[in-house]
Structures are given as structure tokens and as C-alpha cells.
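Trainee: Please take a close look at one part of this model, the salt bridges, and go through them in order.

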Amino acid sequence: MRKFKIGLMGMFALSLVFVSCSKDENEAPTTDNADLTADVSQKKIPKKVKDAVIKLNLNSDYIKYDTFHFPDGTTEERLYIEKDLVLTEDQLFAMADAAEEGDGRQYSTDNLVSQGRTISIIGFTGGSQALSSKEQTALQYAVNNYNNLSGVSISFDLSFGTNYQDKDMVVYNNTVNNPSGAGGSAGFPSNGYPYKFVQIYGLSGYSTNVNEHVITHEIGHSVGFRHTDWFSRQSCGQNSNEGDGGVGANHIDGTPTGYDPTSIMLACFSSSEDGEFNNNDIIALQELY
């Protein structure tokens with residue numbers, strides 16, 4: 001059975017095992033952006049950035065600036081840490097400040113969505129980063145996964161189109177800038193809102209259920225969940241610890257403290273996934289929301 005991995009991102013990314021999900025190795029910039037990307041990637045790392053990374057107990061051996069792609073084709077310079085943790089400088093410094101203040105609550109207060117919030121989520125349908133028909137169906141299934149749960153206060157209002165600016169979350173296909181590997185990426189909530197940009201890529205050859213799994217997983221990160229095997233990445237056949245990422249990795253009451261082999265939030269997934277929550281995933285959602 002082939003396994004696929006989801007890497008820690010501040011944005012959490014998912015890609016083929018043994019294929020790096022880092023932007024520098026997978027990104028295929030357009031001609032218009034090629035020179036800009038090269039210049040950005042050579043930018044020197046200031047001491048204050050390195051100090052902030054060290055304060056968050058992240059790997060300071062891999063820090064670089066690179067280009068982040070939005071669904072409308074625009075780009076922005078961001079920091080890439082440990083190859084797949086993606087942050088703006090402001091986000092990095094805010095996380096470092098919060099760590100200094102000692103805020104260690106469950107995923108931290110700033111990294112949960114406000115109770116009772118209805119999250120507006122749009123599947124992007126324009127241009128080269130549009131969701132395919134299969135991916136749109138998978139997104140609908142993923143939203144249903146959340147909306148069909150009882151005892152959970154947050155819900156999702158799904159639409160499809162290109163006007164994502166006023167939405168809380170946008171799901172789009174970024175294969176054009178990730179030509180290698182398959183998976184997705186997302187980030188953590190802030191100020192009571194979910195992380196906005198959820199990317200998937202390289203999933204066209206996989207079933208609707210696998211697409212559903214990846215999208216459900218990335219939405220999980222966007223509302224504040226870590227990998228259930230963050231401490232070992234056992235689902236990837238690894239033995240490595242992702243660390244707290246500066247956002248917390250505290251146990252959720254009522255769920256296992258050890259390896260949970262069927263959780264939708266495992267760091268790696270297989271090509272036979274059904275895209276559904278297991279009982280512990282549901283307990284975690286009910287406990288937090």
C-alpha cells in the first residue's frame with residue numbers, strides 16, 4: 001500500500017512519501033515570476049528571524065524566503081522553515097511573542113476558531129487553479145463531514161466560484177506550482193477565524209474519497225488540529241517529532257495519547273482512504289468545539 005505524507009507547515013502540507021513537500025523543490029514558477037523567485041530565495045536571513053525560529057523550538061538550519069502562490073495567481077514573499085512551515089515575518093514574530101508570554105493552552109487561544117462560528121468556505125473554480133469536478137465533489141463531502149456532526153458548534157457554509165476575498169476559507173488546486181507529489185496544505189486559525197488558504201495538488205489520479213480525506217484533513221488544520229502522530233510521524237514509517245511548532249501540541253481529553261492508526265489527522269495517508277472521521281476525530285471536535 002502506498003503511503004503519502006503531510007508535513008508541518010504553519011501551513012501543513014501533504015505529499016508523496018520520500019518526495020519533499022518544500023516549495024523550493026516542488027515549485028514550478030511561471031516565466032513572469034521566475035526571476036523574482038530566484039532573487040527571493042537568495043535573500044539573507046536576518047538574525048531576528050533566526051532568533052524567533054529558535055525560540056519556537058523549530059529547526060534553524062533550514063530557513064529561507066520564497067514565493068507563496070494565491071488562487072488568483074498573485075504571489076507574496078514568505079518564510080519557509082524546516083522546508084514546509086510557511087509564515088510571513090509578522091506571523092513568525094507574533095508566534096514567538098506568544099511563546100515568550102507562555103500561552104500554552106490547547107492549540108493556544110489564538111489558534112482556535114470562535115465557538116458557534118459559521119465559516120464561509122468557497123471552492124475556487126477559476127483559471128489554472130480551479131478545482132476539478134471530482135475535487136468539488138470531494139470538497140462537498142468534506143464539508144458534510146463537519147456539518148453532519150452533532151455536538152459541534154462550528155459549521156460551514158459552502159459555495160463555489162472565484163470571489164474568495166470575503167470568504168473565511170478558500171480551497172483551490174495548486175498543482176501548477178507543485179508539479180511533484182500529491183497532497184495539500186493549510187495553516188492555523190488566528191483571531192477566531194480559520195486559516196484561509198487551503199491548497200490541494202497532484203490528486204487528479206486518486207479517488208474522490210482520497211480527495212475528500214485530504215481536504216477534510218487540511219480543513220482540520222485550519223480549525224486548529226495537529227497531526228495525531230505529530231510526536232512520531234509513525235504513519236509515514238518515520239520516527240521523528242514535529243515539535244510544538246510554537247502553536248501547542250497538547251492532548252485533547254477523551255482521545256488516545258498514543259498512535260491512532262485510523263485518524264483522519266495522521267501525518268500520512270494511503271490511497272485506500274475513505275475520507276471519514278474515526279470516533280476519536282469526532283470526540284476531538286466535540287471536545288474543542
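Mentor: The side chains of Lys 47 and Asp 51 are joined by a salt bridge, with N to O at 2.8 Å. The term stands for a side-chain nitrogen of Lys or Arg within 4 Å of a carboxyl oxygen of Asp or Glu. The model is predicted: local features need pLDDT of at least 70, side-chain atom pairs count only at pLDDT 80 or more, and totals for chains, interfaces and linings use all residues. Residues are numbered from 1 along each chain as its sequence is written, and side-chain values use heavy atoms, with hydrogens and water left out.

Lys 47 and Asp 51 are four residues apart in helix 3, so about one helical turn separates them. Helices here are DSSP runs of H or I with at least four residues, strands are runs of E with at least two, and both are numbered from the N terminus. Lys 47 counts as exposed because its relative accessibility is 63%, while Asp 51, at 36%, is partly exposed. The classes are buried under 20% relative accessible area, exposed over 50%, and partly exposed in between (1.4 Å probe, protein chains only).

By the same rule the count is four salt bridges. One of them links Glu 77 to Lys 43, the closest N and O atoms being 2.8 Å apart. Glu 77 lies in strand 4 (residues 75–81) and Lys 43 in the loop between helix 2 (31–41) and helix 3 (47–55), so this pair ties together parts 34 residues apart in sequence. Glu 77 is partly exposed at 36% relative accessibility, and Lys 43 is partly exposed at 38%.

Asp 66 and Lys 64 also form a salt bridge, at 3.7 Å from N to O. Both Asp 66 and Lys 64 are buried.
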